[in-house]
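Subject: Structure handover

Hello,

Here is the structure you will be working with. Please open it next to this message and follow along.

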Amino acid sequence: MALEGEQLAAAKDDATLLAIKLQEDCGIDVVTDGEQSRQHFVHGFLEAVDGIDFNKRIEMGIRNDRYKAMCPTVTGELKLRHRVHQREAQLARAHTTRKLKFTLPGPMTIVDTIADAHYGDRVKMAFAFAGLLNEEIRGLTADGVDVIQFDEPAFNVYIDAAADWGIEALHRAMEGVACTSAVHICYGYGITANIEWKAALGAEWRQYEKFFPALAKSRIDQVSIECINSHVR
């Protein structure tokens, strides 16, 4: 039976606490909420944003048309309806004495995972989302979050843009925020489309080296990369 309302919220709280306890038992110094309260790492944030129509879903190619997805549509000016992750952030902060990291989708990955029927410009829309992220991050730091991590799998796809406006959009999202910032760049989930893409990359995967110099010069404090079972050099 599917849970709803307060029962669902309570179940998410329980799952969050279990995730924190597991991390602590593993000896992890900087724990997270485990993203237990979100349906998706991007859409979990978008659910609290006005200007998005989830009933108007469009099939579109994402990650440079690597695979298709049914994506909600931006139909008007983007605004935060309310705080997005206050409940789970405060719950996590109240139940651990360790440093707390919270993950959010990066602006470039957001605009690559949503259809646009309003802004007409990918970069303009990314910076609009960066402004919303900044609002939420200010709330998260007030909740006691120590590290904000942006998940940006799109950085491995749009390499030149990542080194240009992708990083600048992250700067906008962290504007005026004093906590530690990090960006996570990965090669995607183990779905068929990603497995086939990885198989086409050859013996050495060299995407990172093309935009890491720009990241090194950026105001982002940390980089989290994916190397397990890969050909990253």
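This is a predicted model: local features need pLDDT of at least 70, side-chain atom pairs count only at pLDDT 80 or more; totals for chains, interfaces and linings use all residues.

**Helices 5 and 6**

Start with helix 5, residues 122-142, and helix 6, residues 159-173. They pack at an angle of about 30°, and their axes are 7 Å apart. Angles under 35 degrees count as roughly parallel, so helix 5 is roughly parallel to helix 6. The crossing of helix 5 past helix 6 is right-handed.

Which residues make the contact? From helix 5 come Arg122, Val123, Ala126, Phe127, Ala130, Gly131, Leu133, Asn134 and Ile137. Helix 6 supplies Trp165, Glu168, Ala169, Arg172 and Ala173. By class, this contact has 9 nonpolar, 2 polar and 3 charged residues.

**Helices 6 and 8**

Helix 6 also packs on helix 8, at an angle of about 20°. Here the axes are 9 Å apart. Helix 6 and helix 8 are therefore roughly parallel to each other. Helix 6 passes helix 8 in a crossing that is right-handed.

On the helix 6 side, the contact uses Ile159, Ala163 and Ile167. On the helix 8 side, Gln207, Lys210, Phe211, Ala214 and Leu215 take part.

Helix 8 spans residues 207-217. Which of its residues are buried? They are Gln207, Tyr208, Phe211 and Leu215. Viewed down the axis of helix 8, these buried residues fall within an arc of 100°, so they line one face of the helix. An α-helix has 3.6 residues a turn, so residues three or four places apart point the same way.

What covers the buried residues of helix 8? The cover includes helix 6, strand 7 (180-185), helix 7 (192-199) and strand 8 (222-225). On the other side of helix 8, Lys210, Ala216 and Lys217 are exposed.

**Thr109**

Thr109 lies in helix 4, residues 107-111. Is Thr109 buried or exposed? Its relative accessible area is 0%, so Thr109 is buried. Set aside its neighbours within four places in sequence. Thr109 is then in contact with Phe41, Val42, Arg63, Asp151, Glu152, Pro153 and Ala154.

**The loop between strands 2 and 3**

Now look at the loop between strand 2 (49-62) and strand 3 (67-80). Asn64 is not a glycine, yet it has a positive phi of about 60°. Asp65 is not a glycine either, and its phi is positive at about 65°.

How accessible are they? Asn64 has a relative accessible area of 55% and is exposed. Asp65 has 47% and is partly exposed. The cut-off for exposed is over 50%.

**Gly5**

Last, go to Gly5, in helix 1 (residues 5-25). Gly5 has 53% relative accessibility, so it counts as exposed. How far is its C-alpha atom from that of Phe212? The two C-alpha atoms are separated by 44 Å. Along the chain, Gly5 and Phe212 are 207 residues apart.

Best regards

Methods
Residues are numbered from 1 along each chain as its sequence is written. Side-chain values use heavy atoms; hydrogens and water are left out. Helices (H or I, at least four residues) and strands (E, at least two) are DSSP runs, numbered from the N terminus. Buried means under 20% relative accessible area, exposed over 50%, partly exposed in between (1.4 Å probe, protein chains only). Axes are lines fitted to C-alpha atoms, for helices over the stretch in contact, and angles run from 0 to 180 degrees between N-to-C directions. Angles under 35 degrees count as roughly parallel, over 145 as roughly antiparallel, 65 to 115 as roughly perpendicular and the rest as oblique. A crossing is left-handed if the near helix is turned anticlockwise from the far one by less than a right angle, and right-handed if clockwise. Contact means heavy atoms within 4.5 Å. Ala, Val, Leu, Ile, Met, Phe, Trp, Tyr, Cys and Pro count as nonpolar, Asp, Glu, Lys and Arg as charged, and the others, Gly among them, as polar. The arc is that of the directions from the helix axis to the C-beta atoms.
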